[in-house]
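Have a look at the sequence and the fold, then read on.

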Amino acid sequence: MKAKDLMTTPVLSVPPLTLVTDVAALLLDSRISGLPVIERGKLVGIVCGADLVHRAEIGTDEKQMHRPWWHLI
């Protein structure tokens, strides 16, 4: 098996200033686990579902939540 056998096409991507809630919605709606972050045609990062779970910075730390926060949107 190769990466091409697992990937979704067409490739969805987001710009760096995309709101986290929009990233979460896109991941859920598209049933994918990660997105490349593209700026001026260049890859600048990757964001995935694991990046959105249990983050104190956005109020989703484990003490406050019993399930991933994006299930609430």
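Is Arg40 buried or exposed? Arg40 is exposed, at a relative accessible area of 75% (buried is under 20%, exposed over 50%, partly exposed in between, with a 1.4 Å probe and protein chains only).

A word on the ground rules: this is a predicted model, so local features need pLDDT of at least 70 and side-chain atom pairs count only at pLDDT 80 or more, while totals for chains, interfaces and linings use all residues. Residues are numbered from 1 along each chain as its sequence is written, and side-chain values use heavy atoms, leaving out hydrogens and water.

Arg40 sits in the turn of a hairpin, with two residues between E1 and E2, and has a positive phi of about 50°. Those two strands pair in the antiparallel sense over six bridges (pairing takes at least two DSSP bridges; strands are DSSP E runs of at least two residues, helices H or I runs of at least four, numbered from the N terminus). Ile38 has Leu43 in E2 as its bridge partner.

Arg40 also meets Glu39, side chain to side chain, in a salt bridge at 3.7 Å, N to O (a Lys or Arg side-chain nitrogen within 4 Å of an Asp or Glu carboxyl oxygen). The structure holds one salt bridge.

| Residue | Relative accessible area | Class |
|---|---|---|
| Glu39 | 34% | partly exposed |
| Arg40 | 75% | exposed |

Over in H2 (residues 20-30), the buried residues are Val23, Ala24 and Leu27. They span an arc of only 100° around the axis, so they lie on the same side of H2 (the arc uses directions from the helix axis to the C-beta atoms). Arg31 follows H2, with a positive phi near 55°.
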